[in-house]
Amino acid sequence: MPPRLRCTASARGLTAAVKPSRPSAALLRPSTPAVTSAARQYATVSRGLSLPDDYVPPTKPPTARPGETRKAQLLRTYTSLLRTTPVVLLFQHNNLTAEEWIAVRRELKAALDAVPATGDASADIASKAKIQVVRTSIFDVAMKLVEFFDPSKVEPTSAPTATGKRVKVTYNHDLSKAAWKAVKSVTMGETKIPETSTYAQLSALMVGPVAAFTLPAVSPQHLAAALSILAPSPPQFPAPTRKKNPGYHEPITQSALQKLLLIGARIEDKAFDMEGVKWVGGIENGLDGLRAQLVHMLQSAGMGLTSTLEGAGKALWLTMESRRTVLEEEQNAQVPTPVGLTGCFPCARHPPQLNAAQQRNTSFLWCEGDFP
C-alpha cells in the first residue's frame, strides 16, 4: 500500500481558491425589465412560425406504405426500370454463386463491347446494359402498377403550405394511395385483366428465382451478342469459340450458364417468348435494315395500288375500243360495194349503172373527183 501524502496548509488553500463557488440566486434573477420583455418577445415570434398541423413537406408526399423501407425503394426502382428500359429479358436462375455471377457479367461485357459501334448511342448501350436478380413479388406489383395505373387520372387535392395557404396538389407517385388502390383492384379481381395484356402473359413467369437482363435501347446487334452468351442456339446465335474467347469455356462460366434459362422478354411494352426474342435479335443490319424493309414494303404496296387503279381504267378502255371496232365493222358491212361504176353519182352527165336495188341500199355518195 503506497504511503499517504500529507497535504500542507498551502495546498488546501489552493484547492479552496480553484474550487468554483455556487452562484447566488440574485445573479440568475433578471435585474431589469428589459430582459424580461425580450424573452417574452422571443416566445411570441416562435409561436408565429409554427407550421400547420396537417402540413405536408413537398419533398416527402404522403404514401400508402412507408417510403423508407427497402421494399418501397425496390418498387420504385422496378417501376422506373419498366418505364425507361425498352428491352428486358427474363431468365430463371438456379442458385448462382457470387463467383459465377462475376464470370457471367465479365463474358457478357466482353461480348457487348465487341459489337461494332455505329455511333455514340452504341457505346452507351454497351456500358448501360446489365443483368440483375429481381424480387419476383415486388416485380409483379411493379408490372401491375406500370400497366394499370394512370397518373394523369388522379384528382388533385388541397394541401396547406408553410404559410397556412392551401393549394392544389396531385399525389400520383408510385407509393401514393391512388397507386395502391389501382394495384389492389387488380389483385382483388375488381379490374378485369385482358388476356392479351403484357402483364397477363408475363405474370405466370414471376415464380421462383428470376434475373433480368436490360438494354437501354432496342439494338438487334447487342441483343444477338447477349443471346450468344446467355442463351446460345447455333447456327443463328453460336457461342464464341475457345480460340476467340477462352474465358467463356472455363468451368465456372459454363456452370453458371447452365443454371440460366431464358423464359420470356418484354420488348417495347410487348411480351415475347424465346422465338420472338430470336426474331428480334436476328434482324439483319439492325434497325436500319428493318427501316429499309419497311420502306421497300411501303413502296411495293404503293406500286401495287397504282397498278390496280390503272388496271381498271385500262380494262374499261380496251372494252370500249373493242366495242367500237365491232360497231364499225357492222356498219361497214351494211354498205354494198358498187359494181360496174362508170361515172359519178349523182351526176346528170354520167349516170351510174346501178339497178334499183343497189340504188336503194346505197347510202354514200361519191364522185371521181374524190379519188386521186
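**From one residue to the whole**

Leaving aside its neighbours within four places in sequence, Val104 is in contact (heavy atoms within 4.5 Å) with Leu96, Leu230, Ala256, Leu257 and Leu260. The model is a predicted one, in which local features need pLDDT of at least 70 and side-chain atom pairs count only at pLDDT 80 or more, while totals for chains, interfaces and linings use all residues. Residues are numbered from 1 along each chain as its sequence is written, and side-chain values use heavy atoms, with hydrogens and water left out.

Val104 belongs to helix H5. Helices (H or I, at least four residues) and strands (E, at least two) are DSSP runs, numbered from the N terminus. The relative accessible area of Val104 is 1%, and the residue is therefore buried. Buried means under 20% relative accessible area, exposed means over 50%, and partly exposed lies in between, with a 1.4 Å probe and protein chains only. Although Val104 and Ser255 are 151 residues apart in sequence, their C-alpha atoms are 9.9 Å apart in space.

The sheet comes next. Strands of a sheet pair through backbone hydrogen bonds, either parallel or antiparallel. Here five strands form an open sheet with antiparallel pairing, in the order S2-S5-S1-S6-S7; two strands count as paired if DSSP finds at least two bridges between them. At the edges stand strand S2 (130-134) and strand S7 (270-272), each with a single partner strand, so one side of each has no neighbour in the sheet. From one strand to the next, the twist averages 25 degrees. Strand S6 (residues 260-267) pairs with S7 in the antiparallel sense over three bridges, and Arg266 stands opposite Ala271 in S7.

Helix H5 (residues 98-113) lies across strand S1 (87-93), S2, strand S5 (210-215) and S6, and runs at about 145 degrees to S2. For such values, axes are lines fitted to C-alpha atoms, for helices over the stretch in contact, and angles run from 0 to 180 degrees between N-to-C directions.

Another pair of strands forms a hairpin. Strand S3 (residues 157-160) and strand S4 (residues 166-169) run antiparallel and are joined by four bridges, with Ser158 opposite Lys168 in S4. Five residues lie between S3 and S4, and Gly164 in the turn has a positive phi of about 95 degrees.

Helices also pack against one another. Two packed helices are described by the angle between their axes and the distance between the axes. The axes of helix H7 (residues 136-148) and helix H8 (residues 177-187) come within 9 Å and cross at roughly 105 degrees. H7 and H8 are therefore roughly perpendicular to each other; angles under 35 degrees count as roughly parallel, over 145 as roughly antiparallel, 65 to 115 as roughly perpendicular and the rest as oblique. In this contact, Val141, Lys144, Leu145 and Phe148 of H7 meet Ala179, Ala182, Val183, Val186 and Thr187 of H8. These residues divide into seven nonpolar, one polar and one charged. Ala, Val, Leu, Ile, Met, Phe, Trp, Tyr, Cys and Pro count as nonpolar, Asp, Glu, Lys and Arg as charged, and the others, Gly among them, as polar.

For helix H10 (residues 220-230) and helix H12 (residues 274-281), the axes come within 8 Å and cross at roughly 125 degrees, which makes H10 oblique to H12. Pro220, Leu223, Ala224 and Leu227 in H10 meet Val277, Val280 and Gly281 in H12. By class, this contact has six nonpolar, one polar and no charged residues. Ten of the eleven residues of H10 are buried, so H10 is largely enclosed by the rest of the structure.

Charged side chains complete the picture. The whole structure holds ten salt bridges, a salt bridge being a side-chain nitrogen of Lys or Arg within 4 Å of a carboxyl oxygen of Asp or Glu. One of them joins Lys259 and Glu100 (3.3 Å, N to O). Lys259 lies in the loop between helix H11 (251-258) and S6, and Glu100 lies in helix H5, so the pair ties together parts that are 159 residues apart in sequence. Lys259 is partly exposed, with a relative accessible area of 24%, whereas Glu100, at 6% relative accessibility, counts as buried. Another salt bridge links Arg324 with Glu321, the closest N and O atoms being 3.0 Å apart. Both residues lie in helix H13 (residues 286-333), three residues apart, about one turn of the helix.
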